[in-house]
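My notebook is open and I have two topics to look up today.

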Amino acid sequence: MSSTPNDPIARNVASSQSEMTEIILPNDTNILVSLLGGRLMHFIDLTGAMAAYRHSHANIVTAAMDHIDFIRPVHLGDLLTLKSSVNRAFTTSMEVGVKVWAENTRTGSVDHVASAYLVFVAIDNQGRRQKVPQLLPETPDEIRRYEDALRRREYRDAETTRRKEARLTTAREMPAIE
Ligand SMILES: CC(C)(COP(=O)(O)OP(=O)(O)OC[C@H]1O[C@@H](n2cnc3c(N)ncnc32)[C@H](O)[C@@H]1OP(=O)(O)O)[C@@H](O)C(=O)NCCC(=O)NCCS
């Protein structure tokens with residue numbers, strides 16, 4: 001079977017699932033000695049990008065991180081494990097879900113601490129958007145996430161259009177700077 005950039009071969013979810021583990025060091029924490037929210041978002045972005053990169057076999061950029069729940073703080077010395085899966089591929093974009101757990105190595109407890117949805121867009125070497133392979137969901141959970149991703153995309157598209165229009169209106173109303 002061959003593949004061209006216009007007709008990439010569909011891939012299953014398992015082939016791009018990714019995982020990253022980090023130890024939380026003093027540089028990652030705030031004055032309460034908990035992991036900084038921005039640092040956690042950085043780890044989430046990287047782990048999400050790994051799955052999108054593996055799925056698309058292309059350069060990718062983050063278009064949106066549209067939903068993130070910080071469920072409980074992560075402490076200095078905790079081991080953070082992040083897992084990512086492509087939920088659905090569209091034309092040039094992919095929605096990726098990332099789930100994060102923190103392990104307290106002294107007690108051995110492992111807690112779910114955050115979840116997020118991100119959208120990545122594939123870009124070719126000339127900087128043009130590039131078609132991505134379709135996703136083949138197989139398990140009941142994968143099928144549920146695949147269907148939910150379409151609902152989130154509809155909401156996201158409406159919001160993106162609304163924000164683009166708001167930016168245009170603001171730009172028209174801005175006084176010229178002389
Ligand atoms: C993301 C980006 C390529 C989209 O460009 P654009 O001109 O708005 O693209 P289009 O409207 O043609 O949309 C292209 C795809 O991106 C998706 N997209 C665009 N903006 C989006 C947003 N805010 N949220 C979710 N998806 C978005 C579209 O739905 C479309 O998906 P599809 O091809 O699967 O249907 C562009 O905004 C960009 O380059 N942003 C900067 C990215 C960046 O620097 N990220 C941080 C560092 S990696």
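These entries cover the nonpolar core and then the ligand.

**Ground rules.** I am working with a predicted model, where local features need pLDDT of at least 70, side-chain atom pairs count only at pLDDT 80 or more, and totals for chains, interfaces and linings use all residues. Residues are numbered from 1 along each chain as its sequence is written, and side-chain values use heavy atoms, with hydrogens and water left out.

**Entry one: the core.** I looked up the largest nonpolar core and found 30 residues. Such a core is a set of buried Ala, Val, Leu, Ile, Met, Phe, Trp, Tyr and Cys residues joined through side-chain atoms within 4.5 Å; buried means under 20% relative accessible area (1.4 Å probe, protein chains only). I44, L80, L82 and V100 have the most contacts inside this core. At least two core residues come from each of α1 (37-56), β4 (79-89), β5 (93-103) and β6 (110-123); helices (H or I, at least four residues) and strands (E, at least two) are DSSP runs, numbered from the N terminus.

I counted 16 residues around the ligand (a heavy atom within 4 Å). The closest are T62, T91, T92, S93 and R153. Next I checked polar contacts, meaning pairs of N or O atoms within 3.5 Å. A ligand nitrogen is 2.9 Å from a polar backbone atom of T62. Ligand oxygens turn up too: one lies 3.1 Å from a polar side-chain atom of R129, and an N or O atom in the side chain of R153 is 2.8 Å from a ligand oxygen.

Which element gives the most to the shell around the ligand? I found that α2 does, with five residues.

Definitions and conventions: Buried means under 20% relative accessible area, exposed over 50%, partly exposed in between (1.4 Å probe, protein chains only). A polar contact is a pair of N or O atoms within 3.5 Å; within protein, one must be able to donate a hydrogen and the other to accept it, and residues adjacent in sequence count only if both atoms are side-chain atoms.
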